Structures are given as structure tokens and as C-alpha cells.
Amino acid sequence: MPYNYLIFALIFILIAGILAYTIRIVPQAEAYVIERLGAYNDTWTTGVHFVMPFIDRIANKVTLKEIVKDFDPQPVITKDNVTMQIDTIVYFQITDPKLYTYGVVGPISAIENLTATTLRNIIGDLELDETLTSRDIINTQMRSILDEATDPWGIKINRVEVKNIIPPKDIQEAMEKQMRAERERREAILKAEGEKKSAILIAEGEKESTVLRAEAKKAAMIAEAEGKARALQAVYEAEARGIELINNSNPSKEYLSIKSLETYEKMANGQATKIVVPSEMQSVASLLTAAKEIVEKK
């Protein structure tokens, strides 16, 4: 009786093992490459599948997710013979598990070597300055070349990024000096522009101040001239008024002659070196002399 139980248990274990071997579940975003009697038979995708014992085998399990590989820095030489280290990151995805399994031995290693050779070819056509400023161009060219080369391997290159560009130490020092000089130049330009604007503002301020002073002086001179004009006008008006009053009073000829003599006296008291006496004044003087003689005889 115990012997029968042992046989039953062995048969159960054998059946369970066969079922466990034959029933396979493929997870999401994976694919299994199946070989039958050593030849490619099928590619399993997500779901439940059955393997024929001793006939079928899983040749490769492939992930369909995007894969990111960061490759080690590679030495490259630029067109102007500068050796530098460049490392890249490649984003790729397996689109055909069959080609990926049978297309190339060591696909990841093949992509790394292909990336290195492609990078050397591209950088070899660029000078140092172009290499440092043309990352987008390098990325685009590498992605195009790698995608075309890996298509027979069932691989799709989605993106290639140049991670680091490490020039030689002496080149780095020269670049740092150049950057420092450029910053100093920009600082000097900004300082000069500031001083220029300051000088312009000062000059404009002095100009406005000079204009204001000139306008104030002009206004003062105008006011002074207007004051003098008003004074002269008042004097002339007074003199005209006096003359008018004299004319209205009908003065005698003798009175007019005396006023003329007073005017002559004022002229004689001046600084003139020569005085011209009009003939009318001489007649007046003769008249006065005759009048004086008459008075003395009486």
C-alpha cells in the first residue's frame, strides 16, 4: 500500500513538472523567441503559451521597453588635431526580437563599437570650436547613422546625446583664460558705457544750467533796459510838459534869450575843447551888452 502511494506521488510530481515546463506566461513589454529542434519557430508576446517538452526551447527573452546605455568616454581627434574624450548616451528600443536575436552577436557591444567609430568620423570633420558648439548637429548625425546601421538588427535608435566633451588640460586652461578675458572685456565695456552716460548727463546738466543762467541774465538786462527806458520817457515827458507850459505862457524874447544863455553856460562847463557859438547867440549877447550900457548911463 505505501508503495502505491509513492508511485502515485512520483507520477503527480512528474505531471506537475511537465505542466510547469510546458506552460509559460510572457509578461507585459517582453517577447520570447522560440526555437523548435534548433530552428526559429515563433515569437511569443504577452500572454499564456505552451512549450512542447524536449522539442521547443526559449532561445531569448527580449524586453520591448526603451533601453538607455551610457557608454564610456571615447578618445577622438578633431580636424585641427586636438585629442579629447567624449562619452555618449544612446536611447534605443528593440522592434524585432527575431532580428535582435539572430542579427548580430552581442548587440549592445555592437552598438557601443558602432557609436565610437561613428563619433570619431563625425568629430574628425570638425574643429575644436565647432565640436564644442555643435552638440545638436553631432547628436542628429549620430542618431541618423546609428538608426540606419542597426535596422537589420531589429533595433530602433530613438536618440543619441553627447554627455560630456573633455578637452585636454592645457586646452581647458586656455579656454578658462579666454572666458576670463571675455568677462573682463564685457566688464570694461559696461564700465565705459556707464562713464559715458554719466559724462553725458553731467554735460547736459551743465548745458541746462548755462542756458538757465543766460536766460536769467537776459531777463535782468531786459528789465534794466525797460527801467531805463521808462525813466528816460518820464524825463522826456517832463521836459515836454515844461516846454508846453512855457509855450502856453507866451514867454518874451528876452526870456528865451536868457534860457539860451543858461544852456550855453552848461555847455561851457562840459569837457568840450571847442564850442561853436551860433550867430543868434552872438546877436543876443550884443543885445545884452547894449542894455547894460543904457542902464549904467541912467
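In the predicted model, N139 has a relative accessibility of 9% and therefore counts as buried, the cut-off for this class being under 20% relative accessible area. N139 is part of helix α5, which spans residues 135–150. When residues up to four places away in sequence are left aside, N139 is in contact with V160, E161 and V162.

V48, by contrast, is exposed, because its relative accessible area is 51% and the exposed class begins over 50%. V48 is located in strand β4 and belongs to a nonpolar surface patch of about 750 Å². At least two residues of the patch come from each of three elements, namely α1 (2–22), β1 (23–26) and β4 (47–50). The greatest contribution is that of α1, which provides 4 residues.

Strands β3, β2 and β5 form an open sheet of 3 strands, arranged in the order β3-β2-β5 with antiparallel pairing. Strands β3 (39–44) and β5 (56–63) are the edge strands, each of them pairing on one side only. From one strand to the next, the twist averages 25°. Strand β2 (residues 30–36) runs antiparallel to β3, and the two are joined by 5 bridges.

Technical notes. Residues are numbered from 1 along each chain as its sequence is written. This is a predicted model: local features need pLDDT of at least 70, side-chain atom pairs count only at pLDDT 80 or more; totals for chains, interfaces and linings use all residues. Side-chain values use heavy atoms; hydrogens and water are left out. Buried means under 20% relative accessible area, exposed over 50%, partly exposed in between (1.4 Å probe, protein chains only). Contact means heavy atoms within 4.5 Å. Patches are made of residues with over 30% relative accessible area and no salt bridge: like charges are joined within 9 Å, nonpolar side chains (Val, Leu, Ile, Met, Phe, Trp, Tyr) within 5 Å. Accessible areas come from the Shrake-Rupley method with a 1.4 Å probe; for residues, only the protein chains shown count as cover. A salt bridge is a side-chain nitrogen of Lys or Arg within 4 Å of a carboxyl oxygen of Asp or Glu. Two strands pair if DSSP finds at least two bridges between them. Axes are lines fitted to C-alpha atoms, for helices over the stretch in contact, and angles run from 0 to 180 degrees between N-to-C directions.
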